[in-house]
Amino acid sequence: ELKEFQVTRGEINQTIYREFIRAQSPGHQSLLKGGEVGPYKLNVKLSQGEREWFDETAFGAAGHVRLVAYKRRIATQRITGVDERLRIVAMIVDPTTYFADSTNSIAVLDSSDYSLEFLLGLLNSKLFQWRFKLTSSNNNVGTNELLALPIRRIDFSDSADTARHTKMHTLVVDAIK
């Protein structure tokens, strides 16, 4: 269970907050949609839709604040085909990025020793793909399903366990390059 991580749905509902979504980037923040999330990296070529941007200034002037956009976090696609080879598709996103409601957001808690890279390696692994397919029967990747994934706890006071965490972290950092 992901007790060291905060798992939420993307913070920008694309219908309710449509007035703050822009077609061009000048002066606007990144708005990440599910179709842009690839394994480890951003999908530059989109299979549907166009890249859009978020008008943070107008959003703030309307009295809205989403501080989570200023955190480094993992994005997952929220909707994937049940028969897709990859059901969990995840990447790390740097701030300042707003996540559309077609994504899920995973942030590491400040009190945690886990790295986002460690979790990203697990989420994109063949083992987690297999495990997720066993229990997911529709095209959604819900926050409850992500929270229920069986993650072996790392004992950071044990040097062998810490070395396992570090190895996964390093492998993911190398994969992202």
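# Briefing: buried polar residues, cores and ring pairs

E52 is buried, at 12% relative accessible area (buried is under 20%, exposed over 50% and partly exposed in between, with a 1.4 Å probe and protein chains only). This is a predicted model, in which local features need pLDDT of at least 70 and side-chain atom pairs count only at pLDDT 80 or more, while totals for chains, interfaces and linings use all residues. Residues are numbered from 1 along each chain as its sequence is written, and side-chain values use heavy atoms, leaving out hydrogens and water.

**Overall fold**

- The chain holds 5 helices and 8 strands (DSSP runs numbered from the N terminus: helices are H or I with at least four residues, strands are E with at least two).
- Along the sequence, the order of elements is β-β-β-β-α-β-β-β-β-α-α-α-α.
- The radius of gyration is 17 Å, close to the 16 Å from the globule rule for 177 residues, so the chain is as compact as a globular protein of that length (the radius is taken over C-alpha atoms, and the rule is 2.2 Å times the number of residues to the power 0.38).
- The C-alpha trace spans about 50 × 35 × 30 Å along its principal axes.
- Of the 177 residues, 45% are buried.
- The accessible surface is about 9,600 Å², with 52% of it belonging to carbon and sulfur atoms (Shrake-Rupley method, 1.4 Å probe; for residues, only the protein chains shown count as cover).
- Of the contacts between residues at least 6 apart in sequence, 76% join residues at least 24 apart (contact means heavy atoms within 4.5 Å).

- The largest nonpolar core has 23 residues (a core is a set of buried Ala, Val, Leu, Ile, Met, Phe, Trp, Tyr and Cys residues joined through side-chain atoms within 4.5 Å).
- Residues with the most contacts inside this core are F5, I74, I106, L119, L123, L146 and L149.
- β1 (5-9), β6 (90-93), β8 (103-108), α2 and α3 are the elements that give two or more residues to this core.
- α2 gives the most to this core, with 6 residues.
- Another core lies apart from it, with 10 residues, including I12, F20, I21 and F59.
- Helix α2 (residues 116-123) is mostly covered, with 8 of its 8 residues buried.
- Not counting residues up to four places away in sequence, F5 touches I106, A107, V108, L109, Y114, S115, L116 and L119.

- E52 sits in the loop between β3 (29-32) and β4 (53-54).
- The E52 side chain makes a polar contact with the side chain of K33, at 2.4 Å (a polar contact is a pair of N or O atoms within 3.5 Å; within protein, one must be able to donate a hydrogen and the other to accept it, and residues adjacent in sequence count only if both atoms are side-chain atoms).
- Beyond four places in sequence, E52 touches R18, I21, R22, L31 and K33.
- Q129 lies in helix α3 (residues 126-135) and counts as buried, at 6% relative accessibility.
- A polar atom of the Q129 side chain lies 2.6 Å from the backbone oxygen of I88.
- Leaving aside neighbours within four places in sequence, Q129 is in contact with R85, L86, R87, I88, L123 and N124.
- Q129 and V173 are 44 residues apart in sequence and 20 Å apart in space, C-alpha to C-alpha.
- N104 lies in strand β8 and is buried, with a relative accessible area of 1%.
- The backbone oxygen of V141 lies 2.6 Å from a polar atom of the N104 side chain.

**Aromatic pairs**

- The whole structure has 10 aromatic pairs (rings of Phe, Tyr and Trp, the last by its six-membered ring, pair if their centres lie within 6.5 Å; planes under 30 degrees apart are stacked, over 60 edge-to-face and the rest tilted).
- The F59 and Y98 rings have centres 6.3 Å apart and planes at 75°, so this pair is edge-to-face.
- The pair links distant parts of the chain: F59 is in helix α1 (residues 56-61) and Y98 in strand β7 (residues 97-99), 39 residues apart.
- F59 is buried at 1% relative accessible area, and Y98 is buried at 2%.
- The Y114 and F118 rings have centres 5.7 Å apart and planes at 50°, so this pair is tilted.
- Y114 and F118 are both buried.
- Ring pairs link Y17, F20, F54, F59 and Y98 into a cluster.
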